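Work through the exercises below with the model in view. Each task is followed by its solution.

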Amino acid sequence: MGFASNKLASAMSDFLRNNGGYAVIDGGFATELERHGADLNDPLWSAKCLIDSPHLVRRVHLDYLEAGADIIITASYQATIQGFMAKGFNKEESEALLQKSVQIAREARADYYENNGNERNLRNFPVLVAASVGSYGAYLADGSEYSGNYGGNVTLEYLKEFHRRRLQVLAGSGADLIAFETIPNKLEAQAYAELLEEDDIKIPAWFSFTSKDGVNVVGGDSILECASVADSCDKVLAVGINCTPPRIIHGLILSIQKVTTNKPILIYPNSGETYDGQTKTWIKSTVVSDLDFISYVNKWHAAGASLIGGCCRTTPNTIRAISNNLSKGHDAPRPSGSVTSSHPVIYQLVN
Ligand code: MET
Ligand SMILES: [Zn+2]
């Protein structure tokens, strides 16, 4: 199956237009698994649960769906073939674990539809499954996804080879889109964009960067340059920011808007706490409450963000509040209908 790129480019916009102008992304996934008692002190982080507690992965997906998420992100953020093989799995088993991350999310979506058929029909809003791809730095598990500093030996080609097979497997496993998350530098964004084109990846993607200062991504490249890389790739349907403190999001939305012609902007900030990669702990800042976070939501939407959710240390409560806040801002009910096909939803949107 192949898509005309103009169809791909308009798919996410149509999706949003048909659904009230916004969609709710889920919240922190790994940190929510931890809140349920999972021990993620492991190089695989949340992907460890794909091996030892898939029921918990499914539970957290369902919790976010019940809280109002329209897009759920798989547990594959730190799942890599290289990482699984380092644990003793062979190549086939490692690829199967990647597929399993999508399968569990799809099962949770099916459960959710079954339990909430009527409510979902009223909203006619298909749930999308986004297959997470974390950065090379996330695989290194040394905190470099928050420094963006890979050293001089890590070239564009190196990053492409690192991500290639994983991307192919995830793209073929029934997800609606690929979520490239927490992108720390421009080089990795370029690697993703080239892979999407060269490997003729059949599902669309979003690019989501991370910033500490509101001007540059964590590796020091300007958000303007990074968002431009995303904007010029036809297979990228939305561009934005995740795992970044709420207080600097507004300015980042305005910057992305300057260089994004007509791609929707997505944001899913973290709770505002800072992760210390050395001690593997979250350090509290002064602004951390759900109330603070929620007070920003309508401003972000008004500033131009149409896909909004939460990242690390946000919870289903955060997502419920985001969902309620956004729906309050819309007088007209979302259109009705039903979602029955088992095909990836984005196929229905682009065909
Ligand atoms: C470090 S950002 C992590 C993003 C991932 N989707 C998660 O919530 O676990
Ligand atoms: Zn995060």
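A crossing of two helices is left-handed if the near helix is turned anticlockwise from the far one by less than a right angle, and right-handed if clockwise. Helices are DSSP runs (H or I, at least four residues), numbered from the N terminus. The model is predicted: local features need pLDDT of at least 70, side-chain atom pairs count only at pLDDT 80 or more, and totals for chains, interfaces and linings use all residues. Residues are numbered from 1 along each chain as its sequence is written, while chains are lettered from A and ligands numbered from 1 in the order in which they are written.

**Exercise 1.** Describe how α11 and α12 pack.

Step 1. Helix α11 covers residues 223–231 and helix α12 residues 249–259. Their axes (lines fitted to C-alpha atoms over the stretch in contact) lie 9 Å apart, at an angle of about 50°.

Step 2. Angles run from 0 to 180 degrees between N-to-C directions. Under 35 degrees counts as roughly parallel, over 145 as roughly antiparallel, 65 to 115 as roughly perpendicular and the rest as oblique; α11 and α12 are therefore oblique to each other.

Step 3. The α11–α12 crossing is right-handed.

**Exercise 2.** Find which residues of α11 and α12 meet.

Contact requires C-beta atoms, placed from the backbone, within 7 Å. From α11, Ile223, Leu224, Ala227, Ser228 and Asp231 meet Leu252, Ser255, Ile256, Lys258 and Val259 of α12.

**Exercise 3.** State the confidence of the prediction.

Step 1. pLDDT is the predictor's confidence in each residue, from 0 to 100. The chain has a mean pLDDT of 88, with 86% of its residues at 70 or more.

Step 2. Over residues 331–351 the pLDDT is below 50. Where pLDDT is low, the predicted coordinates should not be read in detail.

How values were computed. Helix = DSSP H or I, 4+ residues; strand = E, 2+ residues; numbered from the N terminus. Contact = placed C-beta atoms within 7 Å.
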